[in-house]
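Thanks for coming, everyone. I have one model to walk through today. Please look at it first, and then we start.

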Amino acid sequence: MEETMNVAEEFHAMPGSDKERECTKDPNGSCKLYTSSYVYPREDIHLWRDAVMHPCRPLDQHIQFWPEKPTRYREVVGAYSVELRKLSCRILELICEGLGLHINYFSNDLSQVPKIMINHYPPCPEPSLTLGLLKHRDPTIITILLPSHINGLQVFKDGRNGKLNGAVHRVVTNSRDARTTVSFFIYPCDESLIGPAKGLVNASNPAIYKAFKFADFIKASILNHDGQALKELIYNSTA
Ligand SMILES: O=C(O)CCC(=O)C(=O)O
Ligand SMILES: [Fe+2]
């Protein structure tokens with residue numbers, strides 16, 4: 001973990017042109033480097049963040065497109081991503097057990113797309129004017145964050161109903177210290193059908209949401225300026 005944080009900080013300490021070069025090795029653009037979010041030109045609000053994100057499984061297909069600088073990036077982040085996927089799968093099994101689902105409920109296309117994202121929030125001269133990340137829920141099956149010793153992540157913890165719920169969170173900036181974090185995400189495949197687990201739905205516990213394809217969810221999230229696109233998908237989808 002310490003080594004991963006070290007290479008993450010070293011990566012973002014490089015000049016922008018080096019970062020750009022290290023993140024454009026894949027002609028298909030699987031390794032993405034961006035400022036603010038990946039839809040910068042379409043944003044209403046820009047954020048005080050730089051990020052690199054890339055898939056990590058199968059490792060031997062993706063690692064060739066990862067940054068080669070810092071020199072230990074591939075070795076360290078590769079090993080980290082393998083361990084984090086094991087940990088995530090174990091946690092998902094325990095969540096299933098707790099919910100009364102088969103422990104392999106997520107051991108299929110729902111957990112096949114792990115990605116690493118390295119966030120960097122430089123010191124911000126006017127922290128009251130912007131954020132590191134707007135309030136959001138991660139559109140993932142599970143996220144494990146390697147945090148920074150610098151504070152900044154705020155998690156909304158009240159108003160929960162005791163069931164599992166995507167936690168709303170945001171990142172604030174500060175004027176003194178740069179902050180680097182590493183997010184490990186497990187995404188479903190684009191074609192995965194996301195919906196209430198059949199084993200948990202019955203007459204006294206009816207489904208609130210309908211099933212939808214994960215790719216449609218991501219599309220609706222990106223278009224989701226007023227929340228309408230997502231509501232239509234989640235409440236009206238007949239997928
Ligand atoms: O940098 C952080 O503390 C949180 C990052 C985050 O929320 C995300 O990557 O989705
Ligand atoms: Fe997040």
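Is G98 buried or exposed? At 68% relative accessibility, G98 counts as exposed. The cut-offs: buried means under 20% relative accessible area, exposed means over 50%, and partly exposed is in between, with a 1.4 Å probe and protein chains only. G98 sits in helix α4, residues 73-99. Helices here are DSSP runs of H or I with at least four residues, strands are runs of E with at least two, and both are numbered from the N terminus.

Ground rules next. This is a predicted model, where local features need pLDDT of at least 70, side-chain atom pairs count only at pLDDT 80 or more, and totals for chains, interfaces and linings use all residues. Residues are numbered from 1 along each chain as its sequence is written, chains are lettered from A and ligands numbered from 1 in the order in which they are written, and side-chain values use heavy atoms, with hydrogens and water left out.

Stay with G98 for a moment. G98 and E126 are 28 residues apart in sequence, and their C-alpha atoms are 44 Å apart in space.

Now the metal. Which residues coordinate the iron ion, ligand 2? H136 through NE2, D138 through OD and H169 through NE2, at 2.1 Å. Donors are N, O and S atoms within 2.8 Å of the metal, or 3.2 Å for Na, K and Ca; water is not among the atoms, so sites may look incomplete. Along the chain, the donors of the iron ion follow the spacing H-x1-D-x30-H. D138 and H169 link distant parts of the chain, 31 residues apart. D138 is in the loop between β4 (133-136) and β5 (142-146), while H169 is in strand β7, residues 169-171. D138 is partly exposed, at 22% relative accessibility. H169 is buried, because its relative accessible area is 14%.

On to ligand 1. Its shell holds 14 residues, and the closest are Y121, H169, R179, T181 and S183. A residue is near a molecule or strand if one of its heavy atoms lies within 4 Å of it. By type, the shell divides into seven nonpolar, five polar and two charged residues. Nonpolar covers Ala, Val, Leu, Ile, Met, Phe, Trp, Tyr, Cys and Pro; Asp, Glu, Lys and Arg are charged; the others, Gly among them, are polar.

Which side chains reach oxygen atoms of ligand 1? An N or O atom in the side chain of Y121 is 2.6 Å from an oxygen atom of ligand 1. For T181, that separation is 2.7 Å. For H136, it is 3.2 Å. A polar contact is a pair of N or O atoms within 3.5 Å; within protein, one must be able to donate a hydrogen and the other to accept it, and residues adjacent in sequence count only if both atoms are side-chain atoms.

Taken alone, ligand 1 exposes 290 Å², and the protein buries 96% of that. Accessible areas come from the Shrake-Rupley method with a 1.4 Å probe; for residues, only the protein chains shown count as cover. Two or more shell residues come from each of β3 (113-121), β4, β7 and β8 (179-187). β8 gives the most, with four residues.

That strand also holds T180. T180 is buried, at 5% relative accessible area. Its side chain makes a polar contact with the side chain of H120, at 3.0 Å. Leaving out residues up to four places away in sequence, T180 touches M5, A8, E9, I118, N119, H120, P147 and S148. Contact means heavy atoms within 4.5 Å.

T130 lies in the loop between β3 and β4. T130 is buried too, at 15%. Its side chain reaches the backbone oxygen of H46 at 3.2 Å.

Last, the backbone. Most residues other than glycine have a negative phi, and most peptide bonds are trans. The peptide bond from R57 to P58 is cis, with omega near -5°. P58 lies in the loop between β2 (50-55) and α3 (59-62). Another cis bond joins K69 and P70, with omega about -5°. P70 is in the loop between α3 and α4. S36 has a positive phi, near 70°. S36 sits in the loop between β1 (32-35) and β2, and it is buried at 0%.
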